[in-house]
Amino acid sequence: MKRLLFAAFFLAPCLPARAQQPVEQRITALLQQMTLEEKVGQLNQYSGRELTGPASTRKTDQLNAIRSGQVGSMLNVRGAANTRAIQAEALKSRLHIPLLFSLDVVHGYKTVFPIPLAEAASWDLAAIRLSAHVAAKEAAAAGIHWTFAPMVDVGRDPRWGRVMEGAGEDTYLGAQIARARVLGFQGEKLGGTDAIMACAKHFAAYGAALAGRDYNAVDMSLQQLWEVYLPPFRAAADAGVATFMNSFNTLNGVPATGNTYLQRDILKGQWQYPGFVVSDWGSIGEMVPWGYAANKADAAQKALAAGSDMDMESDAYHTHLAQLVKDGKADMSLLDDAVRRILRKKFELGLFDDPYRFSNEKREKQVLNDPQNRQAARQVARQSMVLLKNDRQALPLHRAWSRLAVIGPLAKSKRDLDGSWVPDADTTLITSIYDGLAQRLGSKTQLSYAKGCDVLGDSRAGFAAAVETAQKADAVVLTVGETWDMTGEAKSRTDIRLPGVQEELFLALKATGKPIIVVMLGGRPLIFNTIADQADAILLAWWPGAEGGHALADVLSGDYNPAGKLPSSFPRAVGQLPIAYNQQYNTGRPVTRPGDTRYKSAYIDAPNTPRYAFGYGLSYTTFQYSELKISRPQLTAAETVQVQFTLTNTGPVAGEEVAQLYLRDPVASLVRPLKELKDFQKVLLKPGESKTLTFTVGKDKLSFYNQQLAWVAEPGEFQLLVGSASDDIRLSGKVELLP
Ligand code: GLC
């Protein structure tokens with residue numbers, strides 16, 4: 001180690017002179033040497049699954065393209081040895097420009113963490129940042145420079161399977177989490193070999209796909225775009241996210257990939273964004289089937305003009321861009337700008353000084369086997385779980401229960417715990433729920449098991465054995481939900497009820513009269529009204545990752561007091577959608593309107609309210625909110641108001657509470673939602689302990705985008721709502737903004 005320090009200390013000033021030059025000068029010098037074809041090459045990204053697989057013609061073509069400087073980045077090539085080998089091929093090119101290696105490191109590289117929506121349920125920005133940091137350390141050790149994460153799309157429609165990759169339905173929470181994830185992946189500054197470039201995706205409004213159907217069109221007002229969907233992207237940009245990825249959807253008739261308004265007017269114009277934009281997989285070429293481009297050449301021309309810098313896997317730039325420039329149909333200055341943006345990141349990563357600095361097999365072995373990574377995954381998994389119901393204090397598991405029946409199609413599953421979007425779901429690293437309980441409860445508790453049924457299908461053949469197993473036990477832990485491949489990309493569902501006959505299995509077990517604790521696994525809000533009505537306890541574990549079995553045992557046993565809060569509303573029926581809490585308006589005929597019971601904005605077959613609300617989650621203890629003090633009754637735009645209150649743990653055990661601040665603007669130039677999250681604090685309190693908490697509210701938290709798309713705070717009264725959930729407001733007050 002001493003020799004290394006010596007080298008680092010004494011050799012640094014001796015780096016080649018060019019390495020001391022400012023990056024922009026080095027880029028300019030390189031650009032001046034590059035041919036048109038070499039410039040186009042930097043904009044070309046291929047997937048290299050084949051490069052590390054068996055020989056194929058595509059592999060040969062890719063290697064030839066890499067050696068001749070026709071490729072700027074490869075995705076899906078990983079491992080220190082593989083990336084070193086492919087990088088060596090790239091350095092054979094005339095100007096020796098190194099490749100960027102990228103991969104979807106969404107919730108872990110080797111150590112799989114809970115899915116992003118689960119992590120969002122922790123409302124713990126430090127935990128979320130830690131998860132991204134561990135993923136970055138592992139991926140960087142495996143030769144990866146760049147992850148296609150965080151996905152920062154606001155996801156308000158649980159029919160859309162990609163809600164699992166995001167931070168839920170709320171803009172404010174989503175923006176805070178976007179920042180935490182970018183900083184987790186990138187650190188404060190790129191350049192270390194324990195950090196990788198992040199990618200804010202999918203720009204923009206992909207989560208609002210019509211009918212919740214993936215890859216579909218998006219139509220919305222620009223006011224909604226700016227107010228709801230853009231802020232998490234802005235937060236990522238402000239946090240220094242290295243890249244953006246555009247999206248498969250159209251926005252008001254124009255594909256995002258070819259959308260000048262999004263990529264040039266907003267991102268590179270108003271926001272002055274210095275990074276680069278990569279298309280989504282093939283999305284440049286997909287402007288042809290969208291009916292926005294006549295052919296791939298037309299698509300290439302439109303994409304470059306609109307601000308798509310790098311072409312992932314459509315081959316449109318590689319095939320057509322040079323000719324388009326020669327024919328005067330594509331602007332060389334736009335091409336140069338795209339190349340500059342890409343080269344800038346390669347310099348910032350230090351790849352021109354040492355192209356192999358991320359491809360170190362010794363470091364790879366050491367980092368990927370660091371036990372601290374698994375401890376972090378277990379901690380984040382615990383923090384992600386949400387206690388939805390706990391009647392008669394069924395949880396934590398009673399010491400008196402010496403015989404526990406662990407039942408259900410997912411009780412012994414390993415693969416499902418990792419969820420989708422994992423580079424490797426290495427089941428040898430995954431602890432199932434059954435195994436986690438067995439290891440924690442040990443000899444004191446006799447565990448029995450029955451599968452009961454499959455997740456899908458209508459076979460009830462396993463019910464009898466499951467019922468018999470339950471009858472011989474003191475209590476039942478029933479694990480149900482979705483399989484890992486039922487939610488994620490291209491996994492839209494019209495029916496988000498619990499699949500198969502799982503609720504029937506629940507009823508069969510319920511008939512035994514035993515206490516039933518339901519563990520719910522899945523990647524999206526699901527509908528399970530029978531279980532919600534009749535279970536003794538329900539713990540939402542999402543897809544908790546490789547440490548899920550241990551984390552679940554920590555929670556069920558009471559070693560860890562759950563504190564998760566829902567980042568998305570859980571509907572009673574899919575017909576209620578959209579049901580996001582901040583898409584609820586008072587209307588002119590509010591359901592609370594006194595008198596007339598018919599002519600109200602309500603359903604005749606269901607309540608307006610969700611089954612479980614945004615921000616909801618129970619604890620093994622209870623919390624009291626009291627002593628609200630609002631520091632002033634009025635404020636000017638230049639002042640702030642302090643919203644202070646006392647939070648007390650009034651229950652038997654220590655616990656964390658996420659206190660939430662909502663705001664309502666009852667009269668404005670545009671009708672405002674009934675409530676909007678504006679701040680939150682997560683605090684740990686011992687039994688009987690009280691803490692005084694304060695939220696600070698200024699002009700910005702009172703503002704919204706008006707009809708002219710100006711960010712304004714309009715004078716008048718604002719309601720300030722403090723609570724434990726969006727539907728559990730404990731304290732309320734008001735403040736007036738003066739003109
Ligand atoms: C996929 C996804 C995108 C991902 C990319 C590369 O289609 O839309 O999120 O990063 O392709 O795998």
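The legends below describe close-up views of a predicted model.

Residues are numbered from 1 along each chain as its sequence is written, and side-chain values use heavy atoms, with hydrogens and water left out. Because the model is predicted, local features need pLDDT of at least 70 and side-chain atom pairs count only at pLDDT 80 or more, while totals for chains, interfaces and linings use all residues.

**View 1. Surroundings of the ligand.** The ligand is surrounded by Asp104, Phe148, Arg162, Lys201, His202, Met245, Phe248, Asp280, Trp281, Met312, Trp421 and Glu489; a residue is counted here if one of its heavy atoms lies within 4 Å of the molecule. An N or O atom in the side chain of aspartate 104 is 2.5 Å from an oxygen atom of the ligand. For histidine 202, a polar side-chain atom lies 2.7 Å from a ligand oxygen atom. The corresponding distance for a polar side-chain atom of glutamate 489 is 3.0 Å, again to an oxygen atom of the ligand.

**View 2. Strand 6 and its partners.** Strands (E, at least two residues) and helices (H or I, at least four) are DSSP runs, numbered from the N terminus. Two strands pair if DSSP finds at least two bridges between them. Strand 6 (residues 243-246) runs parallel to strand 5 (residues 199-203), to which 4 bridges join it. Cysteine 199 stands opposite threonine 243 in this pairing. Strand 6 also pairs in the parallel sense with strand 9 (residues 276-278), over 3 bridges, and there threonine 243 stands opposite phenylalanine 276. In a regular strand the side chains alternate between the two faces of the sheet. Both faces of strand 6 are covered, with Thr243 and Met245 buried on one side and Phe244 and Asn246 buried on the other. Buried means under 20% relative accessible area, exposed over 50%, and partly exposed in between (1.4 Å probe, protein chains only).

**View 3. Loop between strand 4 and helix 9.** Proline 150 is found in the loop between strand 4 (146-147) and helix 9 (171-186). A cis peptide bond, with omega of about 10°, joins alanine 149 to proline 150. Proline 158 is found in the loop between strand 4 and helix 9 as well, and is buried, with a relative accessible area of 5%. The C-alpha atoms of proline 158 and glutamate 169 are separated by 9.6 Å, the two residues being 11 residues apart along the chain.

View 4. The loop between strand 11 (386-390) and strand 12 (403-407) contains proline 396. The peptide bond from leucine 395 to proline 396 is cis, and its omega is near -5°.

View 5. Tryptophan 123, in the loop between helix 7 (116-120) and helix 8 (125-141), has a positive phi near 50°. Tryptophan 123 is buried, at 2% relative accessible area. Alanine 490 lies in the loop between strand 14 (475-481) and helix 21 (502-510) and has a positive phi of about 60°, although it is not a glycine. Alanine 490 counts as partly exposed, at 48% relative accessibility.

How values were computed:
A polar contact is a pair of N or O atoms within 3.5 Å; within protein, one must be able to donate a hydrogen and the other to accept it, and residues adjacent in sequence count only if both atoms are side-chain atoms.
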